[in-house]
Amino acid sequence: MALKRSPAWVDRNPCSSISKRTKGRKAPVTVLTVKQARKVIGSCRDLTQDTEVPQLIRVDASDALCAVCIMLFAGVRPAEMKRLEWKDIDLEEGTLFVSNLKAKTDRSREIAMPDTLRAWLNQHKPSEQPEGFICPKNWDRKIKAIRHKSGISKSGKDQLRKTFASYHLQAFG
């Protein structure tokens, strides 16, 4: 606008001296091995006394197991996981409903849960009629502690989803 108005305002475009941002290569997608996935699940426990975990994130992460399993076995995004409630799960039908209000893409979707996920949820859900959010209080600290304990802390937040997608693609094309 200043250039159009008058050369007295500016004699050149000040934005022309900004160097272009070069896009770096994305890091390769890291997929968990079965052993690593077991370690993640095994890290969903009380870590309050674990000296391998930094003091700031020493938490009881045993109530995070269901959320971790949903991300690992159904491919739910971390941000969506924070919004999911127990009412979105139908264990009898074996479905998980992500409404457009909770989804990243503003599109509702129903996910057929694999038998493995149904078994984990049946065994570890908090009670007969759980209510509220699936992610426990202090979720961010808990998932950080789980990731640290299992050794995947620097591999990206979406790694459980990418692991699910890779194994699902391999199994079903």
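Helices (H or I, at least four residues) and strands (E, at least two) are DSSP runs, numbered from the N terminus. The model described here is predicted: local features need pLDDT of at least 70, side-chain atom pairs count only at pLDDT 80 or more, and totals for chains, interfaces and linings use all residues. Residues are numbered from 1 along each chain as its sequence is written, and side-chain values use heavy atoms, without hydrogens and water.

A pocket is an open set of points on a 1 Å grid over the protein atoms alone, where a 1.4 Å probe fits, with protein on both sides within 12 Å along at least five of seven lines; its lining residues have an atom within 4 Å of a point.

| Pocket | Volume |
|---|---|
| Largest pocket | about 400 Å³ |
| Second largest pocket | about 320 Å³ |

The lining of the largest pocket consists of 16 residues, and Leu72, Phe73, Thr116, Phe164 and Tyr167 lie nearest its centre. Helix H2 (34-42), helix H3 (65-74) and helix H7 (159-172) are the elements that give two or more residues to this lining. The largest share, six residues, comes from H7. By class, the lining of the largest pocket has eleven nonpolar, four polar and one charged residues.

The second largest pocket is lined by 14 residues; nearest its centre lie Asp140, Ile143, Lys144, Arg147 and Lys157. At least two lining residues come from each of helix H4 (78-83) and helix H6 (139-150), and H6 gives the largest share, six residues. This lining divides into seven nonpolar, two polar and five charged residues.

Technical notes: Points joined across faces, edges and corners; volume = space filled by probe spheres on them. Nonpolar A, V, L, I, M, F, W, Y, C, P; charged D, E, K, R; others polar.
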